[in-house]
Amino acid sequence: MKYALCIAAMTATLLLAACGGSRDVATAALAGDAHAAPAPTGLGAPVDFGPPQGQPIHAVLTSPPHVPPPVNRNYPAKVIVDLEVVEKEMQISEGVSYTFWTFGGTVPGSFIRVRQGDTVEFHLKNAPDSKMPHNIDLHGVTGPGGGAASSFTAPGHQSQFTFKALNQGIYVYHCATAPVGMHIANGMYGLILVEPPEGLPPVDHEYYVMQGDFYTTGKYREKGLQPFDMEKAIDEKPTYVLFNGKEGALTGDNALTAKTNQNVRLFVGNGGPNLVSSFHVIGEIFDRVQPEGGTVAQHNVQTTLIPAGGAAIVEFHTDVPGSYVLVDHSIFRAFNKGALGILKVDGPENKAIYSGKEVDSVYLGDRSEPNLKAVSTAATAHAAGTLTKEDQIAAGKQLFTGTCSVCHQANGEGLPNVFPPLAKSDFLAADPKRAMTIVTHGLSGKVKVNGHEYDSVMPPMAQLTDDEVANILTYVINSWGNPGGQYTKEEVGKARAAATPAAAEH
């Protein structure tokens, strides 16, 4: 009996000491001691660090893809967030406009950054020219509706409520006014980051990327102002799946940037309203992922699932230069609905990590003998000065099969909306000679072929010799209803020597 009492007393003493120790650390942190260790929060434990200290702070809000600077505080504060709902017409794709409902005038809405333990005083304003009432549900709020009931705001009015950020993480916010799906589908979502007390480890770049699915009455890229289509939304058949609310929002001049040997952190959200994102950066491996915004990290991740109404933090190191493509790896969404962005990394190459192309040769498998025979025949005839157009066509057909047919198809029809047709091509017929420049220098940008617009990239075919290019083009210009003609090795050589790459022409 005495032994049991002794053990109980020792246990109680240890528990009291542990609790007292935790309180001491928390008290020191709340007192503003910069050297005190942060109060232990445990994995996912909500923590109240006490009342706010110091003067109120007005939150710095940023538009995508930018992120506010780190909090850099070791105490909880009162943070005032001012956010305005704006209904506005913007481009969803080139030549296609849509009436978005926004938080802060952008899709996604303004990025909000606070610290765990902060008391957030939230001011939601609804612009006077809005046609709809709106509110906000922040997934980082502990309270009914995430603040939705307290923030219902008519046009020309503003609402205010206060919450304490108890849980660290990256959280989605969105409008929750009926019909909720329609408000979200029109672009009413964004991210709020609740930093851990010690902050996040420093990185070279932080970016804000958020996926959403959009439902228009018109087809993909159909021009003009496109209304919202409720039936498509209910059927979960989006016209567009986009990063940051617009096709091309993260490409071209809007591409994300970094340099080699830097650390990049992406805060990636998914507003939905319907689809789950399979987020992937082509050519990178995520060194660290906080899936669903939680506190337990995964490492060495290729693709991370982000549910509708969820978010993740992904981090990686840039080792070699190049353009890294951000996609939803439900891949038709990337190349046929718009879910595509670019991270452009500049800096010196590192051949030890990535060599670039070392070999590019035609592989024809068990068909190589008859195919190469036609090519050899043409080469021998050229050397003897007896090359005929028929020799070139026969050789060009075999070379086209092994080199060009993957994109343009064996019948020259191309792929709709991706690769333009070579068959009955008004683009080729208008200026047959420019085909040599396109093959040797590549072509990028928009081009109209047979009444349809294409916006793709053809790389320069540097692996082909001048006579191979001449033979391929001679085959193409004499096939599939094209006007006929002949290209020579010497002409191709002159085109290759020209300094200016091919530019797209409508």
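For helix packing I took axes as lines fitted to C-alpha atoms, for helices over the stretch in contact, with angles running from 0 to 180 degrees between N-to-C directions. Helices (H or I, at least four residues) and strands (E, at least two) are DSSP runs, numbered from the N terminus. This is a predicted model, in which local features need pLDDT of at least 70 and side-chain atom pairs count only at pLDDT 80 or more, while totals for chains, interfaces and linings use all residues. Residues are numbered from 1 along each chain as its sequence is written, and side-chain values use heavy atoms, with hydrogens and water left out.

**Entry 1: helix packing**

I started with α9 and helix α11 (residues 489-497), whose axes come within 9 Å and cross at roughly 60°. The two are therefore oblique to each other (angles under 35 degrees count as roughly parallel, over 145 as roughly antiparallel, 65 to 115 as roughly perpendicular and the rest as oblique). M436, T437, T440 and H441 of α9 make the contact with E491, V492, A495 and R496 of α11 (contact means heavy atoms within 4.5 Å). By class, that contact has three nonpolar, three polar and two charged residues. Here Ala, Val, Leu, Ile, Met, Phe, Trp, Tyr, Cys and Pro count as nonpolar, Asp, Glu, Lys and Arg as charged, and the others, Gly among them, as polar.

Next I checked α10 against α11: their axes are 8 Å apart, at an angle of about 110°. That makes α10 roughly perpendicular to α11. This crossing of α10 and α11 is right-handed. D466, D467, V469 and A470 of α10 touch K489, V492, G493 and R496 of α11, and the contact divides into three nonpolar, one polar and four charged residues.

How do α6 and α10 meet, and at what angle do they cross? Their axes come within 7 Å and cross at roughly 95°, so α6 and α10 are roughly perpendicular to each other. I found I393, L399 and F400 among the α6 residues that meet α10, with I472, Y475 and V476 among those on the α10 side. The contact of α6 with α10 has eight nonpolar, four polar and three charged residues.

**Entry 2: pockets**

A pocket, on a 1 Å grid over the protein atoms alone, is an open set of points where a 1.4 Å probe fits, with protein on both sides within 12 Å along at least five of seven lines; lining residues have an atom within 4 Å of a point. Grid points are joined across faces, edges and corners, and a volume is the space filled by probe spheres set on the points.

I read about 1100 Å³ for the largest pocket. Its lining has 29 residues, with Y220, R221, E247, D455 and S456 nearest the centre. β23 gives the most to that lining, with five residues. By class, I count eleven nonpolar, ten polar and eight charged residues there.

The second largest pocket holds about 780 Å³. H408, L422, I438, V439 and M458 lie nearest its centre, out of 39 lining residues. Its lining divides into 30 nonpolar, seven polar and two charged residues. Elements that each supply at least two residues to this second lining include α6, α9 and α10.

**Entry 3: backbone**

I noted a cis peptide bond from P64 to P65, with omega near 10°. P65 lies in the loop between β1 (57-58) and β2, and N72 lies in the loop between β1 and β2 too. Phi of N72 is near 55°, a positive value in a residue other than glycine. The peptide bond from G272 to P273 is also cis, with omega near 20°.

Key
Left-handed = near helix turned anticlockwise from the far one by under 90°.
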